[in-house]
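Here is a short briefing on a protein fold. Look over the chain before reading on, then follow the topics one by one.

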Amino acid sequence: MKAMVLPEIVSLDEVDTPLQLVDLPIPEPKPDEVLIKVTACGVCHTELDEIEGRTAPPRLPIVLGHEAVGRIEKLGSGVTQPEIGQRVGVGWIYSSDGGPRENLSPHFRATGRDANGGYAEYLTVRARYSHPIPDAFTDEQAAPLLCAGSIGYRALRLTNLADGERLGLTGFGGSAHLVLQLAHHLYPASSVYVFARDQRARAFARELGAVWVGDTVEPAPELLHAIIDTTPAWKPVVEAMHNLHPGGRLVVNAIRKEDADKDYLLNLNYHEHLWMEKEIKSVANITRQDIADFLLLAAEMRITPEIETYPLEDANRALMELKHGSIKGAKVLVMP
Ligand SMILES: [Zn+2]
């Protein structure tokens, strides 16, 4: 099978083709596992963190990718569900202990980091961590729902927002454009404010119903009750704390932050940014239940993922555009 593998940790400032196209044997499903013939796999910012070693895979080479959609090709022994031919997706959770806090468990293993992922024609995973995909979505549309959407959903729940309270989104890419639609559905009386550098992202946020868009350093016209940060940087964190309402909460939805602007944290001033019971909380990983719940909700509310597709062998280009380029929606690799 064709696969795009990461052979070594590199800096993307020096190398712009971190992944190599290789031919690998089709994996065999072990007991309780299924073999999936992948048709589409989303490209996530976390892949950049893996490539550059901020969340390094424990062994190399590895096939990246944790937003994989495909059809069940083969069942390992003991598997009764899903069935051969069924369409399923695999998200960031590859396996864990199955408990309600399995996202935080030391047994948590990530797809495309701790086990081979979806930048390939085939993928094996434990049957219980493959999710039926609702008919409302094409394979390509379903891909970003598996991480960008599901983790966005977890982040939104962690804000503790009440309907009518104001929500801010700092960064507006693959996840935030889904969270904005989700927020309108779950909190119809709440207004959404979007902070983004990129003009195209700002226009897109307006199109989707943001009441205000501006740069990260601009103060919002009103204080916000909760903000979700999906950027890799520190400046948006400090500025978001400034925009929070007393008692407000910032949820940081990023597996790792980059160090480039870490100095900006020295602008953090207790009185201005933290006083008045403001909180910062991270969102870590995802549970099986988060993905299952979100997929049903996404189908019920007819969420519209905005996607841009690339052939599998163009994964490097997709990753570099994610790092440098302007983003409208989510990037998805399609298999040959
Ligand atoms: Zn992801």
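This is a predicted model: local features need pLDDT of at least 70, side-chain atom pairs count only at pLDDT 80 or more; totals for chains, interfaces and linings use all residues.

S14 is mostly covered: six of its six residues are buried. A residue is buried if 20 or more other C-beta atoms lie within 10 Å of its own, exposed if 12 or fewer, and partly exposed in between, with C-beta atoms placed from the backbone.

Residues are numbered from 1 along each chain as its sequence is written.

- Strands of a sheet pair through backbone hydrogen bonds, either parallel or antiparallel.
- Two strands count as paired if DSSP finds at least two bridges between them.
- S11 and S14 run parallel and are joined by four bridges.
- Aspartate 229 has valine 252 as its bridge partner in S15.

**Helix H6 and the crossover**

- S14, H6 and S15 make a right-handed β-α-β unit.
- Right-handed has a set meaning: with the strands pointing away from the viewer, the path from the first strand over the helix to the second runs clockwise.
- H6 spans residues 235-243 and is mostly covered, with seven of its nine residues buried.
- Which residues of H6 are buried? They are Pro236, Val237, Val238, Glu239, Ala240, Met241 and Asn243.
- These buried residues pack against strands S11 (167-170), S12 (192-195), S14 (224-229) and S15 (244-252), and against helix H7 (270-274).
- Contact means that the C-beta atoms of two residues, placed from the backbone, lie within 7 Å.

**Two buried loop residues**

- Threonine 230 is in the loop between S14 and H6.
- Threonine 230 counts as buried because it has 26 C-beta neighbours inside 10 Å.
- Not counting residues up to four places away in sequence, threonine 230 touches Gly171, Gly173, Ser175, Ala176, Asn253 and Ala254.
- Lysine 257 sits in the loop between S15 and H7.
- Lysine 257 has 20 C-beta neighbours inside 10 Å, so it counts as buried.
- Leaving aside neighbours within four places in sequence, lysine 257 is in contact with Pro232 and Trp234.
- Lysine 257 and leucine 167 are 90 residues apart in sequence and 22 Å apart in space, C-alpha to C-alpha.

**The sheet S2-S1-S4**

- Three strands form an open sheet in the order S2-S1-S4, and the pairing is antiparallel.
- S2 (20-23) and S4 stand at the edges with a single partner strand each, so one side of each is left without a neighbour in the sheet.
- Four bridges join S1 (residues 2-6) to S2.
- Methionine 4 has leucine 21 as its bridge partner in S2.

**Where helices H3 and H8 meet**

- The axes of H3 (residues 148-158) and H8 (residues 288-300) come within 9 Å and cross at roughly 100 degrees.
- Axes are lines fitted to C-alpha atoms, for helices over the stretch in contact, and angles run from 0 to 180 degrees between N-to-C directions.
- H3 and H8 are therefore roughly perpendicular to each other.
- Angles of 65 to 115 degrees count as roughly perpendicular, under 35 as roughly parallel, over 145 as roughly antiparallel, and the rest as oblique.
- Gly149, Ser150, Tyr153 and Arg154 of H3 make the contact with Asp290, Ile291, Phe294 and Ala298 of H8.

**Backbone details**

- A cis peptide bond joins leucine 60 and proline 61, with omega about 0 degrees.
- Proline 61 is in the loop between H1 (45-51) and S4 (62-63).
- Another cis peptide bond joins glutamine 81 and proline 82, with omega about -10 degrees.
- Asparagine 160 is not a glycine, yet its phi is positive, near 60 degrees.
- Asparagine 160 lies in the loop between H3 and S11, and is partly exposed, with 15 other C-beta atoms within 10 Å.
- Methionine 276 also has a positive phi, about 75 degrees, although it is not a glycine.
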